[in-house]
Amino acid sequence: MTNLPLLSIILFTPLAGAILLLFVSGKHENGIRWIANIVTLAGFLVSLPLWFWYDVQSPEFQFVERHVWIPSIGAQYFLGVDGFSVLLILLTTLMGFIAVLSSWTAITERVKEYYIFLLVLQTGMIGAFVSLDFLLFFLFWEVMLVPMYFLIGIWGSDRRLYSAIKFFLYTLVGSVVMLLGILALYFYQYSVTNVYTFDVTEFQRLSLPFGLQRWVFLAFFLGFAIKVPMFPFHTWLPDAHTDAPTAGSVILAAVLLKMGTYGFIRFSLPILPEATRFFVPMMAFLSIVGIVYGALVAMAQSDWKRLVAYSSVSHMAMVMLGMFALNPVGITGSIVQQLNHGISTGALFLLVGVVYERRHTRLIGEYGGLSKVMPVYAAIFLVMTMSSIGLPALNGFIGELLILQGVFVASRLWAAFAASGIVLGAAYMLWLYQRTMFGKIENPKNEHLPDLTLREFATFVPLLVLAVWIGLYPAPFLRRLDSTVSRVVARVNPLYDQERAADAGVRPPADQRAGAAGPAVAGGTR
Amino acid sequence: MPAGLSAGDFFYILPEIVLAAGALVLLVVDVLVSRARQDVLAAVTLIVLGATAVALLPVADAHVSIARGLVAVDRFALFFKVLFLVAAALTVLMSVRYLRVEGASAGEYYFLILCATLGMMFMAGGTDLITLFIGLETMAVSFYILAGFIKPNRRSNEAAIKYFLLGAFSLGILLYGMSLLYGLSGSTNLATIATALAGQERDPRLVLAVVLVVAGLGFKIAAVPFHMWAPDVYEGAPTPVTAFLSVGSKAASFAMALRILVESLPAMRLQGAEGPVIGWSLMLYVLAILTMSWGNLAAVTQSNLKRMLAYSSIAHAGYVLIGVIAGSTRGVAAALIYLMIYAFMQLGAFSVIVMLRREDSVGDELKDLNGLYFRRPFAALAMLFFMLSLGGIPPTAGFMGKFWLFGAAIESGYVWLAVIGVLNSAISLYYYVRVVVFMWLKNEPSGSDPVVNPAMATAVAIALAATLLLGVYPGPLFEFAEASARTLGVAELVQVVR
C-alpha cells in the first residue's frame, strides 16, 4: 500500500484512456463510448481506496509521491492529499463518470474527440487537486482550460464560440497573474532559505512580510476569484454554462468552480495569513453581494440553464463567505457546501440536459406540467431542488447550517445577509419547479415526452445517495476534514482558539484543539 | 605570422570551415545533378549541417578567444550555433516540396541558407565589432536574396526590395553607432572597449552611440518602432524563408545584441549619478513594452496567417527583451531558453503553413485552415500544440520559456514588466486560439487536400516532439542555457549592477 503510486494511477488513468482513444477509428462510435465509460468508471474505482485508506488521525499529507522533475529550478513531481483534496478527488472521479455516462445519446458528432477532451480535462482536474508542487499545480490548472474551451466551442449551443473564448480569456488572465504571485513567493523563498523550491508545504511555513503578502494575495485572488466565480468576475459563467453541452456544464459546476475555492483554502489562507485577515472585509463584502445579486438575477431568468448558472454564483458566494469567517465551523461548512454544490448543481444541470435532449429548448416558458408525463424525472428534480435550497435531511442543509454558524460567530450582520440568500434561493428554485413541473400541460410538444431511461436514471442514483447520505450522516465526511481545517485555521487565525476560550470562558484551549472541526458541530453530528 | 589565424585557431573554427566548404560543395553538386533530382541537394545540405554539428563536438567545452580576439569559442556561441543548425535543418526539410511547387531552383536557395547560417554563427561567436558586422552582413545579404527568391511573385519581389532598403538603412545606423564606439574607445574589440570606456559613462557621445546601436539592432529583431518592414517582408517572402528569418535572424541579432551590450557596455546598463544619463536597460524597457503590446494588438486584427505570425514574432521579440533587460545570469539564460523554444514552435507552425501551399492554393490565409483537422488530423493536432506553445499554455515548451522570462524579471525587480508581459500573453491567446478555431470548428475546405511528404512530416514531428518534451522536461535545456549565459561575463555585470 505504501509503495503503490495510488495518486499517479488515479491521475493518469483518464489520460491513458484518452491516448487509447486516439488510436481508435472515429467510425466505431459505440466502441468509443464504451471505452470512455469503462475508463471513467475505472478512474472512479481506483480513486475509492482514498476514502478507505486515508488516515483520519494523521495531520500530514498522505499518499505522498515525490520525484525530481526540473532540478535546476527546484520543481518536483510532488503529489499528496489531505482530507479536503480526497473528497474533491472523489467528487471529480464520480462526476467525470456521470458526465461521460450522460453523454451517450446527447453527443452524436465527433464522438471520439469529445471523449478525448473529457478525459484530458479529467486528468487536469485531478492533477490540480493532488499537486503539492506549485509549478505542477499551475501546469494542471492551465491544462484544464483547453479541453473545456473545445467542449464549449465545438459541442455547445447557439453562441458557443463567444462563450468559449470568453471563458478561456477570463480564466487565462486570472491565472497568468496568479503565476506572477507564485513567482514572487518562489523568489522570496529563495532569498530567505537559499533553496529554490515550489514545495507548497515549504511555502506554508514561510512568514512573509505583510506588504508582499498583500500583493501576492491580490494576484492569487484574481486567479481564484475568477474561477469561483466571485462577483464581479462572474460574467463568464452564465454564458459558459448556457452554451456548454450538458456534460460540460456538469463538470464546470461540479468540479471546475471548486478549483477556485480549493486554491483559496490550499494556498491563500495558509501561505498568506496576515493578508487574508486584512482582506476579510473585502472578501465578505464581495461574497454577500454575490449571494444576493446572484439570487436576484437567477429569479429573473427565463432560460432554465442560466437560472441554475446564476444560482451557482449565489451558492459559491456562500461558500466563500463561510470560508472567510476564518473559523473551523465556517471553513468546514464551506468545504462541505462545495461538495453539496457539486452534487446538487451537477444534478440540476443533468436534469436540464435530459429535457433539452428531448425538446432542444431551455426556455422555462416552453415547459410546464412535466410531472404528469415524467413522474420519475419530477421526483428526482424535487429532491435535488430541496437539496439545493437546503432542506433538512438533505445535504444542502448541513453545509448551509455550518456556514451560517461559522459566519454568525464572525459577524451577525453577514449571517443576516447569508440567510436572506437562502430565502431567495428557495424562492427561485421553487418557482422554477412550479413553472416547469406543475400545472397543466399547455404545450402539445410536451404531451408525449418519455420519462427517464435506465441509463439516465443511473446517472442520478449516486447523486441521490450522496445527497441523502450527507444530509443524514455527515460524520464520515466531517471527520476527514478535521485535520485539514485545523491546520488551515492554525495558520490563518492562530489566535482563534484562545479568543474562543476567552469568550466562552468555560472550555479550556486543549479541548478546543482536540475538536478542531468546531466543537459544536463535530460534537453534535458524531 | 604577424596577423591572421594561428594553426591552433583552425581547430576551433572547424565548424565554420566545414559549413563554408560544404556550401561551396553544394554549388558544385548543383551543377552536376539534373533539375528533376533536386532532392539530392536538400540531402547534401542536411549532410553539411550535420557535419558542422559533428565538428562542434570537439570544441563543445572550449572557452577560448581566437584570431587575436576576433572570435570567441564559448558556451554562449555554442548554444546559438546549435540553435542555428537546428533551425536551418528544419527550414531545409520544409523547403523541399515548397520549392518544387514554386518551381524555384534549389541549388542557390540551399546555398544561401547555408551562407546565412554561417553569418549567424559569426554573429554569435564574434567578440569584435568587425567580426560581428561581417557576420551580420553575410546573413543579411543572403536573406535579401532569399526574400525575393520566387521571382515571378510580385509580393516576393516587393518583400526583397523593402527588406533590402530598410535593412541597409538600419545597418547604416548600426555602423554609425559602432564607429562612434570605436572613435571613443580606440578599439573594436568588445573587451577592450569595455575597459577603455571606463569613467566615460556620462559622455553624451557615448549615449548617442548606445542609442544608435540599440536602434540598429532593434531593426534586426523587429522591435517596435523599428518593425515596419517585418509584416510586409514576412508576408511576401517564401514561407520557409519567413520561418528561417523570424527564427534564425532574430536569434542571431539577439546574440549580437547580448555580446555588444553585455560584454562591451555593461557600465551603460543603468543610469545614475555615476552612470550614463540614460542606460540601455531603460531604452530596452520602453522597446519591450511597445514591442509586446503593439505586436499582439496588431496580430489580433490580421486575417493572413503569415502576417499574423509576423506580428506575433514581433511580440515574441518583446518577451525575449525582458530577459536582456533583467540583465542577470538568469535573465540572459531566460532569453536563450526562450529563443530556443521559440525556434521549435515557430518553425513548427510555419511548416504546417508550408504544408498548405499547393498548386491550386497559396494557403497562407486563416480561412485556408478551414477544417484542416478533418483532412490532416495530425497536422492540425501539431498546429494546436504550436499555437498553445506560442501562447504559453502548459504543458508545452512555450510556457516553460515564458515562466523563466517572467521569473527573471521578477527576480531582478521588474515586476511591472512581468505584469505587462503576462497580460500580453493572455491577449495573444486570443489570436492563437482563433487559428485553432478555424482548424476544428469550421468545415468548408478550400483547395485540394494538403500533401505531406516525408521531409515535411519529419520537420513537423521534430518540432512537435521538442515543443512537448521541453514543456514537461525542460531541465537539460535550462542547464545548458545557464551554463551558456554564465560564459558571457554576466557575473561581472551583476557586480556592476549591485
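Which residues does Leu321(A) touch, not counting residues up to four places away in sequence? They are Ala284(A), Ser287(A), Ile288(A), Ile291(A), Ile403(A), Val407(A), Trp414(A) and Ala418(A), a contact being a pair of residues whose C-beta atoms, placed from the backbone, lie within 7 Å.

The model is predicted, so that local features need pLDDT of at least 70 and side-chain atom pairs count only at pLDDT 80 or more, whereas totals for chains, interfaces and linings use all residues. Residues are numbered from 1 along each chain as its sequence is written, while chains are lettered from A and ligands numbered from 1 in the order in which they are written.

**The nonpolar core**

Leu321(A) is also listed, together with Ile337(B), Tyr338(B), Leu339(B) and Ala343(B), among the residues with the most contacts inside the largest nonpolar core, which has 394 residues. The largest share of this core, 21 residues, is supplied by helix α14 (residues 329-355) of chain B. Such a core is a set of buried Ala, Val, Leu, Ile, Met, Phe, Trp, Tyr and Cys residues joined through C-beta atoms within 7 Å. A residue is buried if 20 or more other C-beta atoms lie within 10 Å of its own, exposed if 12 or fewer, and partly exposed in between, with C-beta atoms placed from the backbone. Helices are DSSP runs (H or I, at least four residues), numbered from the N terminus.

**The contact between the chains**

The contact takes 24 residues from chain A and 25 residues from chain B. On the side of chain A that touches chain B, α5 (134-143), α6 and α7 (160-193) each supply at least two residues, and the largest share, 13 residues, comes from α7(A). By class, this side of chain A has 21 nonpolar, two polar and one charged residues, where Ala, Val, Leu, Ile, Met, Phe, Trp, Tyr, Cys and Pro count as nonpolar, Asp, Glu, Lys and Arg as charged, and the others, Gly among them, as polar. Helix α6 (residues 145-155) of chain A is mostly covered, with 11 of its 11 residues buried.

**Helix pairs in chain B**

Two packed helices are described by the angle between their axes and the distance between the axes. Axes are lines fitted to C-alpha atoms, for helices over the stretch in contact, and angles run from 0 to 180 degrees between N-to-C directions.

| Helix pair | Axes come within | Crossing angle |
|---|---|---|
| α7(B) and α9(B) | 8 Å | roughly 150 degrees |
| α13(B) and α17(B) | 9 Å | roughly 35 degrees |

The axes of α7(B) and α9(B) cross at roughly 150 degrees, which makes α7(B) roughly antiparallel to α9(B) (angles over 145 degrees count as such). The residues of this contact divide into 17 nonpolar, three polar and two charged.

The crossing of α13(B) and α17(B) is left-handed, meaning that the near helix is turned anticlockwise from the far one by less than a right angle. Tyr319(B), Ile322(B), Gly323(B) and Ala326(B) of α13(B) meet Lys402(B), Leu405(B), Ala408(B) and Ala409(B) of α17(B).

**Two individual residues**

Asp239(A), in helix α10 (residues 236-243) of chain A, counts as buried because it has 21 C-beta neighbours inside 10 Å. Leaving aside neighbours within four places in sequence, Asp239(A) is in contact with Ser163(A) and Lys166(A).

Val18(B), in helix α2 (residues 14-32) of chain B, counts as partly exposed because it has 19 C-beta neighbours inside 10 Å. Not counting residues up to four places away in sequence, Val18(B) touches Ala51(B), Thr52(B) and Ala55(B).

Conventions. Two residues are in contact if their C-beta atoms, placed from the backbone, lie within 7 Å. Angles under 35 degrees count as roughly parallel, over 145 as roughly antiparallel, 65 to 115 as roughly perpendicular and the rest as oblique.
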